[in-house]
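Have a look at the model first, then read on.

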Amino acid sequence: MEKSVESQPGPAGLRLQLLGSLQVRRGAEVLALPSSRKVRALAAYLATTMHEVSRSHLCELLWDLPNDPRGELRWCLSKLRAVLDEPGHPRVQANGDALRLDLTGCEVDVLQVNHTLQSGMASLDADSLRALAARFRGDFLQGLEIPRSAAYSAWLTAQRRRFRAGQVAVLERLAQVLPPGSGEAIACIEAWLRLAPFDVRAHERLFEALAEGGRLREGDEHLAAAARQYEAEGQDWARIGHAWRAAKLRHAAPSGVALILPAEVQRPPEIATPTTRRASLAVMPFTDRTRGVAVRGGLGDGLAHDIITRLAKLRSMFVIAQGTVFALDERRIGAEDAGRRLNVDYVAGGSLRHEPGGRVSVTVQLTETRSARVLWAEVFAGKLDDTFGWLDIIGDRIVAAVASQIEVAERNRAILKAPNSLDAWEAHHRGLWHMMRFNREDNEQARHFFEMAVRLDPGFARPYAGLSFTHFQDAFLGWAGRDDATEMAYRVASQGLMADDLDPSAHWALGRAQWLRGRLSESLAELDTSVDLSPNFAHGHYTLAFVHAQSGDPLAAVSESDHSRALSPFDPMLFAMMGARAMGLMRLGRHDEAADWAIKAAARPNAHVHILAIAQYCLALADRGDEARQLAAAVQRAQPGYQVEDFLASFQYGAEGAALIRQGAAQTQHKP
């Protein structure tokens, strides 16, 4: 399907235009479409769906209790085939009960637009952005509403909101690359504001352009009109008022003279930002797509409330309060528009659907507000035996995934910035990127960036946790004296707890440090607190597995490892989660299972030497000698001279566990 998105049709190729009024062309010829709205809607739906669709789903989508839905669908398909099929190339294809549209050699405007948005616009020049903007000829499927087809109407509304957000993102990017203050730039910003009239950044950019061009009267008029619009919506327009005043003052200075603005103009007091910038997120209520459900206050609202609460507990990002997002949703403001009104970095939302047999499916999507890129989307399904239990399970998984995806996005953004331009938030994420490489050089780099973050904002708890972890690695992997590194890990973790004792990562760091000190009960208490504060904190659950796997409850180790991986299935620490499970299974005497999990752990790209050693010992205990000897050789390549005593000195096994490790090592003594 990706190939068809990028392929260009030949001279007589098929082109589908869905932005604006639906139009189908074959070469230069505009094909006459049937007058039936449902035939047209069916063509558009199949063209935008990247997989096969069941007939029953299409019947439910387009018909509201018809007499013969499948008969009507067959009639629509026959009309569609008459237009789209080509000699020797049937485009409307059936595979049993499933249908799909073969788009090989076709050009579909929405697929190409979506591909460009997902790929990113940072590298596009002005001409490419102009061409992209020109594709937005109007709303998605303009004029193709179908009364009394609730499912189709919901899909159409969601698609229109998505592509309108994409158009706004294109206009914003184009305004950034055009000459500031030029007529084209101003026209671009004005088009942006027509689509997103409450986007503060658009107002700020327009004011800057008008002030730079000396068009002060137009700026005054725009402010007056915008203020009336804000007041009509019950919103505060003070920020845009300050933006216009600041722009006028900046450009009132003589050429070449720097103007120092008064503090009250530089930053309005009512929008003062926190000391440290955080990633910001709005979680919109989940729409219930169950047929016949049209009321608020159900499971969708409960899920949104639960996710907002859980994300706020992480304390790693700024999360918009429930009251605000619910108020916007009540006014039928979509997630994309809400993200710009609230000026947040990310928006999460989705829908749910009750299915036969008491099952519920939840579709979730995380979008980057300014670029309109979908960072992550997933469908979760489960049986609704117990509402609160279901909310716990689904809520944990969604929160962990959203938090993880935002961490990755912020980390990748920080990597691209010059080191001397980083703020505390960015320095923290730059440190995380290096920390997860698990080698000595990157560990030093991680420490440098965490120390930078702490200097920039001593009240930000997360960098202390990261800094403590770099000292933990020094002690655990033997990169520095264990006693000194342990003391530093403990000292820095304690400072993080003093900065914010409600941050789960602060308790996690202290729990790891206490483990290094051999204080296992204190370690488990801190780790339990970390997951009590945030039940979806995957690294907290993993570290509980790590501690229990050695000298605690091995069954708890297996359970906590499974839970941590369910919460964060693509985590950089996945090798460690699998390794902890293997160690727990080894102590339970389930050696074949332990060996299988240890091999998975050792295969991860950032697995360190201790993980390779775990695989060696587990394979030996499972009587898989050849594989064990291969891992023993890999251990020696990673760290020549490594012995079982090096392993046991790093871990804290009880007598029984240590005896098992020595037994596995004895069976695979490395022979040069």
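1. Terms first: two strands pair if DSSP finds at least two bridges between them. Helices (H or I, at least four residues) and strands (E, at least two) are DSSP runs, numbered from the N terminus. This is a predicted model, with local features needing pLDDT of at least 70, side-chain atom pairs counting only at pLDDT 80 or more, and totals for chains, interfaces and linings using all residues. Residues are numbered from 1 along each chain as its sequence is written, and side-chain values use heavy atoms, leaving out hydrogens and water.

2. On to β5 and β6 (residues 98–101): they pair in the antiparallel sense over 4 bridges, and glutamine 93 stands opposite arginine 100 in β6. They belong to an open sheet of 3 strands, ordered β4-β6-β5, with antiparallel pairing. Its edge strands, β4 (53–54) and β5 (92–95), each pair on one side only.

3. What packs on this sheet, touching β4 and β6? That is helix α2 (residues 37–48), whose direction makes about 85° with that of β6. Contact here means heavy atoms within 4.5 Å. Axes are lines fitted to C-alpha atoms (for helices, over the stretch in contact), and angles run from 0 to 180 degrees between N-to-C directions. Helix α4 (residues 69–84) lies across β5 and β6, running at about 135° to β5.

4. Another open sheet has 4 strands in the order β3-β2-β1-β7, and its pairing is mixed. β3 (29–30) and β7 (107–108) are the edge strands, each pairing on one side only. Within the sheet, β1 (residues 14–17) and β2 (residues 23–26) pair in the antiparallel sense over 4 bridges, with glutamine 17 opposite glutamine 23 in β2.

5. Do look at the β12 and β13 hairpin, which has 4 residues between the strands. Alanine 372 in the turn has a positive phi of about 65°. β12 (residues 359–368) and β13 (residues 373–383) pair in the antiparallel sense over 10 bridges; valine 364 stands opposite glutamate 378 in β13.

6. Last, the helix pair α25 (residues 574–587) and α26 (residues 591–603): they pack at an angle of about 165°, with their axes 8 Å apart. They are therefore roughly antiparallel to each other (angles over 145 degrees count as such). Residues of α25 including Phe575, Met578 and Leu585 meet residues of α26, among them His591, Trp597 and Ala601.

Note on methods. Parallel < 35°, antiparallel > 145°, perpendicular 65-115°, else oblique.
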